[in-house]
Amino acid sequence: MSETLRANMEGVTKDKEELQAQLQSTEELLEVSSSAVQELNSRIEVKDERLLELNTKVQKLEIEIAKPCTMCINYETKLNKQHLDLKDLNEKLEESTVRCSHLNSEVQEYREVVEANTAKISELECDLEKRKKYRLRLCVDTTA
């Protein structure tokens, strides 16, 4: 029995050594894995920080984009002023058109008056010529 016991003891010792070797190998693997996990965690933290920085920049850019740009505001203001100026010019043009229409009517009336007066002057000139001829005849008849 002692040989059986010794053989069992040797088997147990051998199993123990194998288990200790496996345990040591597993612990080494665990250390390597733990080190790799820590390294990955560090990388993740760095990337998270960069991501937070980028998100902050994106938010600032979104705020800037949402603001109307100064050039656009100036252009819009200029367009509004030009629109108002054009409105004023259109009103003045309409007033001038009405005045021109009245003046054209007055000019037409004056033309008609001038034509009538020209016709009267022509008649009077004809009458004057006739009277001159008549007087000249009278003068010639009285001298003869």
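Modeller: Let me begin with a term: a residue is called buried under 20% relative accessible area, exposed over 50%, and partly exposed in between (1.4 Å probe, protein chains only). This is a predicted model, in which local features need pLDDT of at least 70 and side-chain atom pairs count only at pLDDT 80 or more, while totals for chains, interfaces and linings use all residues. Residues are numbered from 1 along each chain as its sequence is written, and side-chain values use heavy atoms, leaving out hydrogens and water.

Biologist: What makes the contact of Glu64 and Lys67 a salt bridge?

Modeller: A salt bridge needs a side-chain nitrogen of Lys or Arg within 4 Å of a carboxyl oxygen of Asp or Glu; the N to O distance here is 3.3 Å, so the pair qualifies.

Biologist: How do you know that Asp85 and Lys81 are separated by about one helical turn?

Modeller: They are 4 residues apart in helix H2 (residues 70-143), which is why the separation is about one turn; a helix here is a DSSP run (H or I, at least four residues), numbered from the N terminus. Asp85 and Lys81 also form a salt bridge, with their closest N and O atoms 3.1 Å apart.

Biologist: Why is Lys81 called exposed?

Modeller: Lys81 has a relative accessible area of 51%, and because exposed means over 50%, the word applies.

Methods. Helix = DSSP H or I, 4+ residues; strand = E, 2+ residues; numbered from the N terminus.
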